[in-house]
Amino acid sequence: PHPDHLEPALSQAADLNLNSNLVESLEGIENLKCLVSLQLAHNRVESMKQMPYLAELRELDLSRNLVR
């Protein structure tokens with residue numbers, strides 16, 4: 001699908017696996033209000049300061065990142 005069509009689908013995602021994708025920031029994650037599981041292992045996230053409260057989130061993997 002064209003990238004413009006991905007935004008509505010992504011906003012409804014319950015499970016998102018972004019392992020090993022060179023992710024550096026959690027910016028924009030607040031728009032994914034349906035997330036139940038977020039996999040971010042093996043990335044470059046340095047801080048949880050941008051991590052908003054996501055009411056449905058039950059699983060968060062930030063292993064092998066730069067978070068202190």
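**Exercise 1. Classify His42 in this predicted model: buried, partly exposed or exposed?**

Step 1. The relative accessible area of His42 is 44%.
Step 2. Buried means under 20%, exposed means over 50%, and partly exposed lies in between.
Step 3. His42 is therefore partly exposed. The model is predicted, and its values are computed.
Step 4. Now place the residue. His42 sits in the loop between β2 (37–39) and β3.
Step 5. Check its backbone. His42 is not a glycine, yet its phi is positive, about 60 degrees.

**Exercise 2. Describe Arg64: where is it, and is it buried or exposed?**

Step 1. Arg64 belongs to the segment after β3.
Step 2. Its relative accessible area is 65%. The cut-off for exposed is over 50%, so Arg64 is exposed.
Step 3. Look at phi. Arg64 has a positive value near 60 degrees, and this residue is other than glycine.

**Exercise 3. Find what the side chain of Asn65 reaches.**

Step 1. Locate Asn65. It is in the segment after β3.
Step 2. Asn65 has a relative accessible area of 15%. Buried means under 20%, so Asn65 is buried.
Step 3. Look for polar partners. A polar atom of the Asn65 side chain lies 2.8 Å from the backbone oxygen of Leu40. The Asn65 side chain also reaches the backbone nitrogen of Val45, at 2.9 Å.
Step 4. List the contacts. Neighbours within four places in sequence are left aside. Asn65 then touches Leu40, Ala41, His42, Asn43, Arg44 and Val45.

**Exercise 4. Summarise the whole chain.**

Step 1. Count the elements. There are 1 helix and 3 strands.
Step 2. The pattern along the sequence is α-β-β-β.
Step 3. Of 68 residues, 28% count as buried.
Step 4. Check sequence distance. Take contacts between residues at least 6 apart in sequence. Of these, 8% join residues at least 24 apart.

How values were computed
Residues are numbered from 1 along each chain as its sequence is written. This is a predicted model: local features need pLDDT of at least 70, side-chain atom pairs count only at pLDDT 80 or more; totals for chains, interfaces and linings use all residues. Side-chain values use heavy atoms; hydrogens and water are left out. Helices (H or I, at least four residues) and strands (E, at least two) are DSSP runs, numbered from the N terminus. Buried means under 20% relative accessible area, exposed over 50%, partly exposed in between (1.4 Å probe, protein chains only). Contact means heavy atoms within 4.5 Å. A polar contact is a pair of N or O atoms within 3.5 Å; within protein, one must be able to donate a hydrogen and the other to accept it, and residues adjacent in sequence count only if both atoms are side-chain atoms.
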